[in-house]
Amino acid sequence: MDFTFQAGDLTAEQIPDAETEALQPLLERCEDFHQLSYGRPALVDQARRIPAERPPNLTPGQGHLFALKTAAGDVVGLLEALRDFPAPGEWYLGILLLAPEVRGQGRGEGVARAYEGHVRAQGGRLLRLAVLEQNEAAHRFWTRMGFQPEKWVGPLEQGLKQNRLLRMTKALG
């Protein structure tokens, strides 16, 4: 099922897995994220790798990717998530990334809240995500958004780094 949602002045439009290359310029603008996460800039095919990096054995429609666009149609962010993973009613938010030029303006909070509303409307009861140990800004953001620590995972090899991640959850009542 394709869908869109509104998040303040941004529109989230679902991108089919076969069209992820449309997100490559955004990923290249977010070098700070890639250096923090992987110890390197975005690869030339980084956007095409997003669906391939999902867990194996997902059913069609479980993974979804959104381009976050301005009214002018500029892609300034992305959201990637999994429905009913790891269990029915539990959703996993893999990435919420905004371009550097639109950060710090409340857009991340708007996108996260709008997405939570969408998950609730689809019967989701729990939203889960993982935050890199070294990403202090993300820790503060997700804690402010009501997520609670669940457990530490890792270290995991990600690019040129060994990362520990804090898995966090939020009940959607």
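UniProt positions are given here in the numbering of this chain, feature names are shortened, and annotations may be inferred rather than shown by experiment. With that in mind, an unreviewed UniProt entry places the feature "domain: N-acetyltransferase" at residues 13-173. The structure is a predicted model, in which local features need pLDDT of at least 70 and side-chain atom pairs count only at pLDDT 80 or more, whereas totals for chains, interfaces and linings use all residues. Residues are numbered from 1 along each chain as its sequence is written, and side-chain values use heavy atoms, with hydrogens and water left out.

Across residues 13-173 the end C-alpha atoms lie 26 Å apart, and the span is 28% helix and 34% strand; helices (H or I, at least four residues) and strands (E, at least two) are DSSP runs, numbered from the N terminus. Eight strands form an open sheet with mixed pairing, in the order 1-2-3-4-5-6-8-7, where two strands pair if DSSP finds at least two bridges between them. Strand 1 (4-7) and strand 7 are the edge strands, each pairing on one side only. On average, neighbouring strands of this sheet are turned by 25 degrees against each other, direction ignored.

Strand 3 in turn pairs with strand 4 in the antiparallel sense over seven bridges, with Leu65 opposite Glu80 in strand 4.

How many residues of strand 3 are buried? Seven of the seven are buried, so strand 3 is largely enclosed by the rest of the structure; buried means under 20% relative accessible area, exposed over 50%, and partly exposed in between, for a 1.4 Å probe and protein chains only. In a regular strand the side chains alternate between the two faces of the sheet. In strand 3 both faces are covered, with Gly63, Leu65, Ala67 and Lys69 buried on one side and His64, Phe66 and Leu68 buried on the other.

Turning to the helices, helix 5 (residues 136-144) has Ala138, His139, Phe141 and Trp142 buried. Seen down the axis of helix 5, these buried residues fall within an arc of 165 degrees, so they line one face of the helix; the arc is that of the directions from the helix axis to the C-beta atoms. Glu136, Arg140 and Arg144, on the other side of helix 5, are exposed. The cover over the buried residues includes strand 5 (90-98), helix 4 (107-121), strand 6 (126-132), strand 7 (148-158) and strand 8 (161-171), and helix 5 is followed by Gly146, whose phi is positive, near 100 degrees.

Lys170 lies in strand 8 and is buried, with a relative accessible area of 12%. Its side chain is joined to that of Glu116 by a polar contact of 2.9 Å, a polar contact being a pair of N or O atoms within 3.5 Å, of which, within protein, one must be able to donate a hydrogen and the other to accept it, while residues adjacent in sequence count only if both atoms are side-chain atoms. Leaving aside neighbours within four places in sequence, the residues in contact with Lys170 (heavy atoms within 4.5 Å) include Arg113, Arg125, Leu127 and Gly146.

How values were computed. Axes are lines fitted to C-alpha atoms, for helices over the stretch in contact, and angles run from 0 to 180 degrees between N-to-C directions.
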